[in-house]
Amino acid sequence: MNFKHKYFFLFPGLFVLIGILIFPIIFVVRLSLSGWNSYNPGLDFIGLENYIRLFTDDPRFWESFFRLSFLSVTTVILQYVIGFALAHMVWKDIKFKRFFRVLFLIPMMTTPVIMTVIWRTFFHESLGPVNDILSNFGFSPKWLTDPVIAKFTVIIVEVWQWTPFMFLLLLAGLLSLPKEPFLAAAIDGASPVRKFIYVTFPLMAPISIGAIIIRLIEASKIMDTVYVLTSGGPGTSTETSSFYIFIKGLREFQMGYAASMSFTYLIIMIISLTIIAKVLTKLLLKE
């Protein structure tokens, strides 16, 4: 069989890759080197002025970045712990486990923006049902107007929305585990806790690393929840990098500067996630 022209079959996928990934990145880099704004829409070259401004004269970007880091790491840790617990529970022989599998996936099936609007109604300080219940116990938290509590409100919504995704990945991993190590542990008289610590968790390490990295990538782009729930407020207490870039680019129309922030953010996230993946690999995949 002649495979002389086999590489021609790669061209359709290569063209799609160039069109949706490589070209946009190249254009963003070029745009970041321009002064494109609402008064001067064009790709006039200004060198590294946008990057100099970003690193020397815009602490708000770095504040939003560290705030995003806190939100994304906290949400992913909670999603992993809760998702693993739910997956482990459904993995065992319990009654109605098929019902619970579907039930736990419902939050992920809903539209994030619509559910965030519903959560905003729940957390309304005077009309929401949450404070209506808590007021009977003498509590009335300012869920959306207190700078500290607002962060945890965003975390609650994100954890509720995306824990099912973590649950799904981890459940698939649990269902694919070999039975022999568990039979050997049972013969040795290992307790359920020891089985989990010394058998289940180590076997799940590769899948856990993949699930955590996937969720960190998605969590690092938190935008819709913040936009609908708090609009970055109160003040800038819940403003993330994505939301700040949105403000600069699509509200103030500083397109060149927004592009420089986007490219800088991309590089930082690639480096950060690479380091996190290596650290997790060393911690969880010990020989």
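Reader: Why does serine 231 count as partly exposed?

Author: This is a predicted model, and every value here is computed from it. The relative accessibility of serine 231 is 43%. Buried means under 20% and exposed means over 50%; 43% falls in between, so serine 231 is called partly exposed.

Reader: Where does serine 231 lie?

Author: Serine 231 lies in the loop between α11 and α12.

Reader: What is the phi of serine 231?

Author: Phi of serine 231 is near 55°, which is a positive value in a residue other than glycine. Most residues other than glycine have a negative phi.

Reader: What kind of peptide bond joins glycine 233 and proline 234, cis or trans?

Author: The bond between glycine 233 and proline 234 is cis, with omega at about -5°. Proline 234 is also placed in the loop between α11 and α12. Most peptide bonds are trans.

Reader: Which residues does methionine 261 contact, leaving aside its neighbours within four places in sequence?

Author: They are Leu54, Asp58, Phe61, Tyr244, Ile245 and Lys248. Each counts as a contact because heavy atoms lie within 4.5 Å.

Reader: Which members of the largest nonpolar core touch the most other members?

Author: Methionine 261 is one of them, together with Phe167, Leu170 and Leu174; the core has 53 residues. At least two residues of this core come from each of α3, α4 (97-109), α7 (147-175), α8 (180-187), α10 (205-219), α11, α12 and α13. The most come from α3, which gives ten.

Reader: How do you know that phenylalanine 253 is partly exposed?

Author: Its relative accessible area is 42%. Phenylalanine 253 lies in the loop between α12 and α13, and its phi is near 55°, a positive value in a residue other than glycine.

Key:
Residues are numbered from 1 along each chain as its sequence is written. This is a predicted model: local features need pLDDT of at least 70, side-chain atom pairs count only at pLDDT 80 or more; totals for chains, interfaces and linings use all residues. Side-chain values use heavy atoms; hydrogens and water are left out. Helices (H or I, at least four residues) and strands (E, at least two) are DSSP runs, numbered from the N terminus. Buried means under 20% relative accessible area, exposed over 50%, partly exposed in between (1.4 Å probe, protein chains only). A nonpolar core is a set of buried Ala, Val, Leu, Ile, Met, Phe, Trp, Tyr and Cys residues joined through side-chain atoms within 4.5 Å.
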